[in-house]
Amino acid sequence: MTEVRTAARSLLLLFCAIGAMQCAAQLALGADTASSVPSPTEQRTLTDRTVTWPTARQWQRALLLEDYNTRVVALGTTLLGVAAGRVGSFTLLRGRTLMGDALSHATLPGIGLAFMLVTLVSGNGKSMTVLLFGAAASGLLGVGCILGIRNLTRLKEDAALGIVLSVFFGAGVAVLGVVQQMQTGHSAGLESFIYGKTASLIARDAELIAAAGLLCLAVTGLLFKELKLLCFDEGYAASRGLPVVVLDTLLMAVVVVVTIVGLQAVGLILMIALLVIPAAAARFWTYELRWMTMIAAGIGGVSSLVGSVASSIFPRLPSGAVIVLVATVLFGLSLLFGPTRGAVVRWSRRVRLNRKIDRQHLLRSLFEYHEVHSPEVFHSKEAARSIPWDRAVPLERLLTMRSWSLERLGRQIARAAREGLVQQSDKGAVRLTATGLAEANRLVRQHRLWELYLINYADIAPSKVDRDADTIEHVLEPAMIAELETLLARDDAKRGLPQSPHEIVVSSQDDATVQHSTPEQGG
Amino acid sequence: MSDRPLAEANTTDRSSGENTASIGRTPPPGEMGSLPSGSIPLSVHDLTVAYHRKPVLWDVEFALPPGRLVGVIGPNGAGKSTLIKAVMDLLPTVSGRVLIYGEPYSKQRYRVGYVPQRESVDWDFPVNALDVVTMGLYSKIGWCRPVMKKHKQVALEALERVGIADLAYRQISQLSGGQQQRTFLARALVQNADLYLMDEPFAAVDASTEQAIVELLREMKQTGKTALVVHHDLQTVADYFDYVILLNMRVVAHGPTEEVFTRENLQKTYGGRLTLLDEATEAMRRRERAL
């Protein structure tokens, strides 16, 4: 299970990396890729990607959304991003992300063919509805091919996806090549379907995008709990009578709608990014599906908004690339700082746990040293106070007890001293303070209880107990300790500090003290 | 393609399915003869399931008496999980008829609670234990309607019954294996079904969870419910179940535990994995390949 999960996670990362690389390459080699679809009429705009720095006035117009058109487009693409983030959350959890990618790539031949047909019939093929219709038709045909190949040939789904994705895209590029040869139509705008160009959207397109986005939000909102069950446990969903196939088809249909209307804004190569990156980023922020969909929607919305504004400032910059780059930055931030599984949080958690373990080891070593060498410190009247300085544990003894480096030991002692648990003399000897003694007593007791439990109830050889107890005691909860105490009360009527069931090795050199301790007094 | 011979083989064996109780390779002694079919929790006739060309279940026939804890025992690949899934129409079957309290599953869905194998889902999914349990109520809540407070209350009570109410809001990946299994059980419990189908609920759980599940099963039995449980540990069969089905592609034997759970039957179920049937299928496939 965990392997599958790790694999899925690395696949996801790979995805995002590829997305980022794709658009970086697109920015760098924009001229080169674009020249594969040369247009005699618009040669200059296609090959010329030089970005001219806009004037202050242009900045102001774009950033304040002064144009009606810019405003509508910004709203439309933002809604698109919101919808894609939300829909993408479900496809990510359902494991259908690649299907969305194949779908968007498979739209290209449909766009080209629709353009050709309409141009032949009416002279001007740049009717948005017709182009989107063509895109939807060939996209669905692509998905149909994937399902057909998978079900009829017993090839794995990834093979089917690879075949369909590349074949359809190749066909699309070929069709576009033919389109460029046609003298009649002005085919230049078709390029925006590949890379995305919100600047070329008019208000009506944006309204269509907004409407489609709202529709997708409504569908996923109404069917939220059904989709949740479908994504979590398909078999159980079917056993409850949920029409799994219908729901899957519906989810795919929503993906189709988002993809088709998103083609112009993001472009078919990068559309997948808007579906997967926000959803993947949201996983670092929450353990609740509802929040995950909302956060993904937010990330998608912000990315799209920034992309469309940038596109209106730099009209020659492909907005798809900007959108993906913004989304990727947000993904990177989530990966680092997400509160549920972000790298920073996990790292600090690990450091804190390691420190806690080290501190416990230090206190236990000090305590056990006294048990063996100077058990009288437990009986003295001053037991409630700190260990007297003349009984303090020499540093070199501690070093031999714990196989730590001098630096590490020094660090731990300093840290424990700051917490008021130990004090260190000028010569380096370490003594437990009153708080430290109480804490050490508690820890040792817990440790021994666990050891005894393992020996008595889990059939573990006494010599192997120490290490297991060391790793497990650090996660013992108070309730568990209470349970152990009642269990062991039968064995240890004194209910004091149980003895160590194995030999305590205090020093490896001189007296190699191996003896059983018998403290009479305990917690 | 190769389904044809399977189907043919079945028709020869198709006896009249009128009196459900009288059928069965080892008819249970008299206890169901007088029962009307509506009170028989589960009866399976002639059930054959094949994946691709390999039969997984062959001519499975049995009927369960009500109010029993039934263990389904058999080696790996014997078709135990397949049987449960086929009962719930989750798999295409080659032939067969399944009746739940005298009617097909599609009509009796609400009377059947299902506990899938724990490994069948991704436990990293972003939901908490309470969410998972609430899923058992979705069909009751209805399409497009939100989960209300009262539904969560019902789910919480179910979690209480399995002893992990304090973990209700914990994300499911942070539950131990035993706690995850209890969550699944609670999800089936909220349905308040009459027949429970459980796929290896005891697999890889801690001792206290195993005990809790057993107690829950006994509680169910006392209220007249029936549970069909896929089980692996032969040691505990006699302890936990009062009725067993020994399965290895076909039903080797079924009936009350003390009568059926014998060394001889176990030998038949587990010994000699390559049965005559396997050889026949293999021969058939070789011939097909040669053609």
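Predicted model: local features only at pLDDT ≥ 70, side-chain atom pairs only at ≥ 80, totals over all residues.
View 1. As for head count, chain B brings 35 residues to the contact and chain A brings 29.

**View 2. Polar links hold a place in the B–A interface too, with 15 residue pairs in polar contact, both partners at pLDDT 80 or more.** Look at what chain B puts forward: strand 5 (112-115), helix 4 (129-134), helix 5 (138-141) and helix 7 (177-189) each supply at least two residues of the side touching chain A. Helix 5 of chain B has the largest share, with three residues.

**View 3. A salt bridge joins B:R187 to A:D233.** The closest N and O atoms of the pair are 2.8 Å apart. Between chain B and chain A, the count comes to three salt bridges.

**View 4. Inside chain A, helix 11 (residues 203-222) packs against helix 12 (residues 224-232).** Their axes lie 4 Å apart at an angle of about 70°; angles of 65 to 115 degrees count as roughly perpendicular, so that is how helix 11 and helix 12 of chain A sit relative to each other. A:T220, A:G221 and A:L222 from helix 11 meet A:F224, A:E226 and A:L227 from helix 12. The residues of this contact split into three nonpolar, two polar and one charged.

How values were computed:
Residues numbered from 1 in each chain as written. Chains lettered and ligands numbered in written order. Heavy atoms only, no water. Axes fitted to C-alpha atoms, helices over the stretch in contact; angles between N-to-C directions. Parallel < 35°, antiparallel > 145°, perpendicular 65-115°, else oblique. Contact = heavy atoms within 4.5 Å. Nonpolar A, V, L, I, M, F, W, Y, C, P; charged D, E, K, R; others polar. Salt bridge = Lys/Arg side-chain N within 4 Å of Asp/Glu carboxyl O. Polar contact = N/O pair within 3.5 Å; in protein donor to acceptor, adjacent residues only side chain to side chain.
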